[in-house]
Amino acid sequence: MALENTGYLEYEELVQIQTIPDEERFKKGAVAVIECVQQIPCNPCEAACSRKAIIIGNPITNLPIVNGDECTGCGICVSKCPGMAIFIVNKVHSETKATVAFPYEYFPIPTEGEEVKAVNRKGEVVCDGKVIKVMNPKAFDHTPVITIEIPKEYVDQVRSIQRRRAE
Ligand code: SF4
Ligand code: SF4
């Protein structure tokens, strides 16, 4: 697995290992995409979702599965995952744009309206993006969830933003 050798996952590998929402669900709007592929004893994501949309069950080493019928794309689980492995993807944000939400534990925290460089799982810049939402309540315990808008064609690649220097 590339993850073990390189520290990142190729999309082709991800879809073979993890259950990703199908295109019909993506057409309905924002939904959690979980990129957790190692069978570790972990389940804060399951506990975080009040709609019980994330299922791990027994044993605790099961990979999490998202029930797309229940997931509202709220983003709470994103902040609760110690592996930073959950993203909220909206492929129908507008005619030409999609959105991706991700955890971001760096300073400076981006602000809404800011223009950013969107990066893929390897940290490579793939396109320009714009921050449209920053969620950072106390309950997220210092793991802000940032939502960026990007051109639709990059939605399966983009998973974060390039770190910026403090002013
Ligand atoms: S995005 Fe919200 S509704 Fe969906 S799985 Fe996460 S916590 Fe549950
Ligand atoms: S909290 Fe994160 S790392 Fe833990 S099982 Fe859920 S998705 Fe995987």
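Start by selecting Val116 and look across to strand 7: the bridge partner of Val116 there is Gly129. Keep in mind as you click around that this is a predicted model.

Now widen the selection to residues 115-119, which make up strand 6, and residues 125-135, which make up strand 7. These two strands pair in the antiparallel sense, over five bridges.

Seven strands form an open sheet, and the order to trace across it is 1-4-5-8-7-6-9, with antiparallel pairing. Colour residues 31-34 (strand 1) and 160-161 (strand 9): these strands stand at the edges with a single partner strand each, so one side of each has no neighbour in the sheet.

From strand 1, hop over to strand 4. The two run antiparallel and are joined by four bridges; select Val33 and you'll find its bridge partner in strand 4, Phe87.

Stay on strand 4, residues 86-90. How many of its residues are buried? Five of the five. Both faces are covered: Ile86, Ile88 and Asn90 lie on one side, with Phe87 and Val89 on the other.

Carry on to strand 5, residues 97-103, which pairs with strand 4 in the antiparallel sense over three bridges. Pick Val89 and its bridge partner in strand 5, Val100. Six residues sit between strand 4 and strand 5, and the two strands form a hairpin.

Last stop: ligand 1. Which residues are around it? Select Cys49, Ala53, Ile54, Cys71, Thr72, Gly73, Cys74, Gly75, Cys77 and Ile88. This shell divides into seven nonpolar residues, three polar ones and no charged ones.

Key: Residues are numbered from 1 along each chain as its sequence is written. Chains are lettered from A and ligands numbered from 1 in the order in which they are written. This is a predicted model: local features need pLDDT of at least 70, side-chain atom pairs count only at pLDDT 80 or more; totals for chains, interfaces and linings use all residues. Side-chain values use heavy atoms; hydrogens and water are left out. A residue is near a molecule or strand if one of its heavy atoms lies within 4 Å of it. Ala, Val, Leu, Ile, Met, Phe, Trp, Tyr, Cys and Pro count as nonpolar, Asp, Glu, Lys and Arg as charged, and the others, Gly among them, as polar. Two strands pair if DSSP finds at least two bridges between them. Buried means under 20% relative accessible area, exposed over 50%, partly exposed in between (1.4 Å probe, protein chains only).
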